[in-house]
Amino acid sequence: MSTKDFIEKDYYKVLGVPKDATEAEIKKAYRKLAREFHPDANKGNTRAEERFKEISEANDVLGDPKKRKEYDEARALFGNGGFRPGPGAGGGSFNFDLGDLFGGQAAGGAGGFGGGLGDVFGGLFNRGGAGTTRTQPRRGQDIESEVTLSFTEAIEGATVPLRMSSQQPCKACSGTGDSNGTPRVCPTCVGTGQVARGSGGGFSLTDPCPDCKGRGLIAENPCDVCKGSGRAKSSRTMQVRIPAGVSDGQRIRLRGKGAPGERGGPAGDLYVVVHVKEHPVFGRKGDNLTVTVPVTYPEAALGGEVRVPTLGGPPVTLKLPPGTPNGRTMRARGKGAVRKDGTRGDLLVTVEVSVPQDLSGKARDALEAYREATAGEDPRAELFQAAKGA
């Protein structure tokens with residue numbers, strides 16, 4: 001495919017998935033569309049054939065994490081298929097071949113666009129002429145926090161308070177960095193927050209401005225609190241809803257709940273790492289809960305009904321078939337953890353035959369009688385037989 005196609009085509013739209021779709025969602029969408037528009041199922045249908053080619057092309061890019069990253073970066077930087085220089089750079093849209101820009105490498109080819117399109121121009125394009133500039137919005141920082149939940153809270157979901165510390169706009173100077181509230185535009189970067197590093201071929205690479213530290217502004221009278229940075233450390237408490245069914249060590253992303261941005265920039269994201277305490281009775285295997293239930297020898301040998309506790313609900317009754325061995329696992333459906341689709345997993349009940357430590361006279365006599373009645377049986381006979389034949 002040409003570099004122009006690589007930039008202009010919306011492969012997410014082709015597959016019908018959002019831009020934050022997971023690899024599994026992309027694969028599922030591709031397989032569904034591929035079956036629908038496959039040439040073998042649409043013989044003689046040229047439109048279906050073209051559609052199948054589009055789907056395959058989109059999957060080739062989005063199905064490869066490296067190509068997808070390059071594609072996303074390229075789309076973010078050259079979203080309209082050409083590069084549009086800023087005011088004073090010579091007028092309208094300036095279109096050029098990205099293959100020439102990056103050494104003739106087509107999208108997805110050897111080396112691709114490389115892992116740094118966001119750093120190639122840094123939002124600043126110079127094509128002769130001073131032009132006009134303005135300070136750029138800055139995205140807020142991402143914040144990471146931790147929370148510890150009880151076993152039940154993790155299964156059922158919970159709203160918990162989180163106290164977080166992050167860099168916020170300084171209240172003393174209203175985020176300007178200047179005690180008088182009137183910072184001036186940095187003369188070095190002319191308010192862009194970036195400076196050119198070398199030039200050639202009609203464009204410049206950029207670095208954060210060393211004088212204003214990338215802010216684009218300089219405080220004539222630095223604020224005593226933030227020392228001219230416009231940011232100050234702040235603590236806040238937020239009520240965060242942890243969804244049902246989270247597991248120990250899971251990392252939850254809450255978009256836009258991180259530190260606020262500067263100059264109208266978007267807020268960062270909040271990442272919450274969940275820790276789950278152990279339960280004295282229940283365990284967990286994926287979406288299923290586990291529990292070990294002791295039973296008596298007569299219950300295991302003769303069969304019977306056993307009441308089993310559930311997490312946060314009434315007990316359930318399971319029927320033991322006669323001759324139930326120690327360690328057998330039975331299933332109580334719908335009594336497990338909550339899944340993403342709202343349904344529940346199962347409760348896996350493992351039977352453990354309980355051996356009494358103290359026997360009364362009648363119980364001992366009954367067991368002695370049972371031993372005499374089964375004296376001819378040897379449960380280890382097959383074991384020795386197998387050992388000899390191995």
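**Entry: ground rules**

I note that this is a predicted model, in which local features need pLDDT of at least 70 and side-chain atom pairs count only at pLDDT 80 or more, while totals for chains, interfaces and linings use all residues. Residues are numbered from 1 along each chain as its sequence is written, and side-chain values use heavy atoms, with hydrogens and water left out.

**Entry: overall figures**

I find eleven helices and 15 strands in the protein, taking helices (H or I, at least four residues) and strands (E, at least two) as DSSP runs numbered from the N terminus. Of the 390 residues in the protein, 35% are buried. The accessible surface comes to about 23,300 Å², and carbon and sulfur atoms account for 50% of it; the areas come from the Shrake-Rupley method with a 1.4 Å probe, and for residues only the protein chains shown count as cover. For contacts (heavy atoms within 4.5 Å), I looked at those with a separation of 6 or more, and 63% of them join residues 24 or more positions apart.

**Entry: the salt bridge of Arg 139**

I took a salt bridge to be a side-chain nitrogen of Lys or Arg within 4 Å of a carboxyl oxygen of Asp or Glu, and by this rule the count comes to 15. One of them joins Asp 269 to Arg 139, with the closest N and O atoms 3.3 Å apart. Asp 269 lies in the loop between S8 and S9, and Arg 139 in the loop between helix H7 (117-120) and S1, so the pair ties together parts that are 130 residues apart in sequence.

S1 and strand S9 (residues 270-276) run parallel and share seven bridges, and Val 147 has Val 274 in S9 as its bridge partner.

S14 and S15 are antiparallel and are joined by four bridges, with Met 330 standing opposite Val 349 in S15. In strand S14 (residues 329-332), Met 330 and Ala 332 make up the covered face, and Thr 329 and Arg 331 the uncovered one. I recall that side chains in a regular strand alternate between the two faces of the sheet.

The side chains of Arg 344 and Glu 156 form a salt bridge at 2.9 Å, N to O. Arg 344 is in the loop between S14 and S15 and Glu 156 in helix H8 (residues 151-156), so this pair ties together parts that are 188 residues apart in sequence. Arg 344 counts as partly exposed at 31% relative accessibility, and Glu 156 counts as partly exposed at 32%.

Glu 368 and Arg 371 both lie in helix H10, three residues apart, about one turn of the helix, and their side chains meet in a salt bridge of 2.8 Å, N to O. Glu 368 is partly exposed at 31% relative accessible area, whereas Arg 371 is exposed at 54%.

Leu 359 is placed in the loop between strand S15 (347-353) and helix H10 (361-373), and is partly exposed with a relative accessible area of 33%. Together with Tyr 297, Leu 367 and Tyr 370, Leu 359 makes a nonpolar surface patch of about 360 Å². Patches are made of residues with over 30% relative accessible area and no salt bridge, like charges being joined within 9 Å and nonpolar side chains (Val, Leu, Ile, Met, Phe, Trp, Tyr) within 5 Å.

Definitions and conventions. Buried < 20%, exposed > 50% of the residue type's maximum accessible area, 1.4 Å probe, protein only. Pairing = 2+ DSSP bridges.
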